[in-house]
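Dear colleague,

Here is the structure I promised to pass on to you. Please look through it first, and then read my notes below.

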Amino acid sequence: MTAALPATLAGLRHPAVKPTSRAILVDWLVDVTSEFGISQAALFQAVSMLDRCLAVKAVRCSQLQLLGATCLWLACKLEDVQLPSLSSMVRVTDYSVTPEQMLACELEVLVLLEYDLVRPNAA
(Lines give C-alpha, C1' and ligand atoms only; values in the text may rest on other atoms or scores of the structure.)
Protein backbone atom coordinates (compact mmCIF):
# COMPACT_ATOMS: atom_id res chain seq x y z
CA MET A 1 0.00 0.00 0.00
CA THR A 2 2.87 2.39 0.70
CA ALA A 3 3.98 2.25 -2.94
CA ALA A 4 0.87 4.20 -3.97
CA LEU A 5 1.67 7.07 -1.63
CA PRO A 6 3.78 10.07 -2.64
CA ALA A 7 7.43 9.57 -1.68
CA THR A 8 7.21 12.32 0.94
CA LEU A 9 4.07 10.83 2.47
CA ALA A 10 5.66 7.39 2.71
CA GLY A 11 8.39 9.06 4.80
CA LEU A 12 6.14 10.55 7.49
CA ARG A 13 8.18 10.88 10.66
CA HIS A 14 5.44 10.51 13.25
CA PRO A 15 3.21 7.49 13.79
CA ALA A 16 0.31 9.71 14.94
CA VAL A 17 0.00 11.20 11.44
CA LYS A 18 -1.72 8.51 9.45
CA PRO A 19 -2.58 8.80 5.76
CA THR A 20 -6.23 9.09 6.86
CA SER A 21 -5.41 12.15 8.98
CA ARG A 22 -3.61 13.70 6.04
CA ALA A 23 -6.54 12.94 3.74
CA ILE A 24 -8.98 14.64 6.13
CA LEU A 25 -6.69 17.67 6.27
CA VAL A 26 -6.39 17.85 2.48
CA ASP A 27 -10.21 17.61 2.17
CA TRP A 28 -10.47 20.51 4.61
CA LEU A 29 -7.93 22.49 2.56
CA VAL A 30 -10.05 21.90 -0.55
CA ASP A 31 -13.09 23.25 1.32
CA VAL A 32 -11.14 26.32 2.48
CA THR A 33 -9.88 26.86 -1.06
CA SER A 34 -13.44 26.82 -2.32
CA GLU A 35 -14.71 29.11 0.45
CA PHE A 36 -12.09 31.80 -0.22
CA GLY A 37 -11.81 31.40 -3.99
CA ILE A 38 -8.18 30.35 -3.71
CA SER A 39 -6.60 29.10 -6.92
CA GLN A 40 -6.00 25.44 -7.64
CA ALA A 41 -2.31 26.24 -8.09
CA ALA A 42 -2.15 27.57 -4.52
CA LEU A 43 -3.89 24.44 -3.25
CA PHE A 44 -1.39 22.18 -5.02
CA GLN A 45 1.55 24.20 -3.68
CA ALA A 46 0.08 24.06 -0.16
CA VAL A 47 -0.26 20.27 -0.27
CA SER A 48 3.28 20.00 -1.63
CA MET A 49 4.61 22.16 1.22
CA LEU A 50 2.56 20.17 3.74
CA ASP A 51 3.94 16.83 2.52
CA ARG A 52 7.49 18.14 2.49
CA CYS A 53 7.13 19.43 6.07
CA LEU A 54 5.65 16.13 7.23
CA ALA A 55 8.58 14.30 5.64
CA VAL A 56 11.21 16.20 7.63
CA LYS A 57 9.55 16.94 10.98
CA ALA A 58 7.45 15.00 13.45
CA VAL A 59 4.10 16.78 13.80
CA ARG A 60 1.44 15.99 16.39
CA CYS A 61 -2.05 15.35 15.05
CA SER A 62 -3.27 18.28 17.13
CA GLN A 63 -0.99 20.56 15.07
CA LEU A 64 -1.94 19.31 11.60
CA GLN A 65 -4.63 21.93 11.00
CA LEU A 66 -2.23 24.70 12.02
CA LEU A 67 0.40 23.37 9.61
CA GLY A 68 -2.14 22.93 6.80
CA ALA A 69 -3.63 26.39 7.23
CA THR A 70 -0.16 27.93 7.33
CA CYS A 71 0.97 26.11 4.20
CA LEU A 72 -2.17 27.26 2.39
CA TRP A 73 -1.66 30.86 3.51
CA LEU A 74 1.97 30.75 2.33
CA ALA A 75 0.93 29.23 -1.00
CA CYS A 76 -1.64 32.00 -1.49
CA LYS A 77 1.12 34.56 -1.02
CA LEU A 78 3.02 32.88 -3.85
CA GLU A 79 0.23 32.02 -6.28
CA ASP A 80 -2.72 34.38 -5.80
CA VAL A 81 -3.21 38.09 -6.29
CA GLN A 82 -5.50 38.38 -3.27
CA LEU A 83 -5.08 36.25 -0.22
CA PRO A 84 -7.21 35.66 2.85
CA SER A 85 -6.31 37.81 5.82
CA LEU A 86 -4.62 36.25 8.79
CA SER A 87 -7.79 36.75 10.82
CA SER A 88 -9.81 34.96 8.12
CA MET A 89 -7.43 32.02 8.23
CA VAL A 90 -7.76 31.87 12.02
CA ARG A 91 -11.56 32.05 11.71
CA VAL A 92 -11.69 29.20 9.19
CA THR A 93 -9.91 26.98 11.73
CA ASP A 94 -12.84 27.72 14.05
CA TYR A 95 -10.39 29.68 16.21
CA SER A 96 -8.43 26.53 17.08
CA VAL A 97 -5.23 28.47 16.31
CA THR A 98 -4.15 32.00 17.12
CA PRO A 99 -2.62 34.56 14.76
CA GLU A 100 0.61 34.29 16.74
CA GLN A 101 0.69 30.51 16.25
CA MET A 102 0.18 30.92 12.50
CA LEU A 103 2.98 33.47 12.24
CA ALA A 104 5.32 31.26 14.25
CA CYS A 105 4.37 28.25 12.13
CA GLU A 106 4.96 30.28 8.96
CA LEU A 107 8.52 30.94 10.05
CA GLU A 108 8.99 27.29 11.00
CA VAL A 109 7.77 26.15 7.55
CA LEU A 110 10.14 28.57 5.84
CA VAL A 111 13.06 27.24 7.87
CA LEU A 112 12.05 23.57 7.44
CA LEU A 113 11.82 23.98 3.68
CA GLU A 114 14.96 26.13 3.61
CA TYR A 115 12.93 28.87 1.89
CA ASP A 116 12.53 26.55 -1.13
CA LEU A 117 8.75 26.86 -1.35
CA VAL A 118 7.87 26.43 -5.00
CA ARG A 119 8.00 23.03 -6.62
CA PRO A 120 6.57 22.05 -10.00
CA ASN A 121 3.05 20.73 -9.69
CA ALA A 122 0.07 19.60 -11.73
CA ALA A 123 -1.59 23.03 -11.94
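Lys 57 and Glu 108 meet through their side chains in a salt bridge, at 3.1 Å from N to O, where a salt bridge is a side-chain nitrogen of Lys or Arg within 4 Å of a carboxyl oxygen of Asp or Glu. This pair links distant parts of the chain, with Lys 57 in the loop between helix 3 and helix 4 and Glu 108 in helix 6, 51 residues apart; helices here are DSSP runs of H or I with at least four residues, numbered from the N terminus. Lys 57 is partly exposed, because its relative accessible area is 30%, and Glu 108 is likewise partly exposed, at 33% (buried means under 20% relative accessible area, exposed over 50%, and partly exposed in between, with a 1.4 Å probe and protein chains only).

Please keep in mind that this is a predicted model, in which local features need pLDDT of at least 70 and side-chain atom pairs count only at pLDDT 80 or more, while totals for chains, interfaces and linings use all residues. Residues are numbered from 1 along each chain as its sequence is written, and side-chain values use heavy atoms, with hydrogens and water left out.

By the same rule the count comes to 4 salt bridges. One of them joins Asp 51 to Arg 22, with the closest N and O atoms 2.6 Å apart; Asp 51 sits in helix 3 (residues 40–56) and Arg 22 in helix 2 (residues 19–36), 29 residues apart, and both residues are buried. Another is formed by the side chains of Glu 106 and Lys 77, at 2.5 Å from N to O. Because Glu 106 lies in helix 6 and Lys 77 in helix 4, that pair ties together parts that are 29 residues apart in sequence. Glu 106 counts as buried at 12% relative accessibility, whereas Lys 77, at 40%, counts as partly exposed.

As for the chain overall, it has 6 helices and 0 strands, and 43% of its 123 residues count as buried.

Which residue in helix 5 (residues 86–92) did I note? Ser 88 is found there, and this serine counts as buried because its relative accessibility is 19%. Ser 88 and Pro 99 are 11 residues apart in sequence, and their C-alpha atoms lie 9.8 Å apart in space.

Finally, Tyr 115 lies in the segment after helix 6 (99–112), and it counts as exposed because its relative accessibility is 54%.

Terms used
Helices (H or I, at least four residues) and strands (E, at least two) are DSSP runs, numbered from the N terminus.
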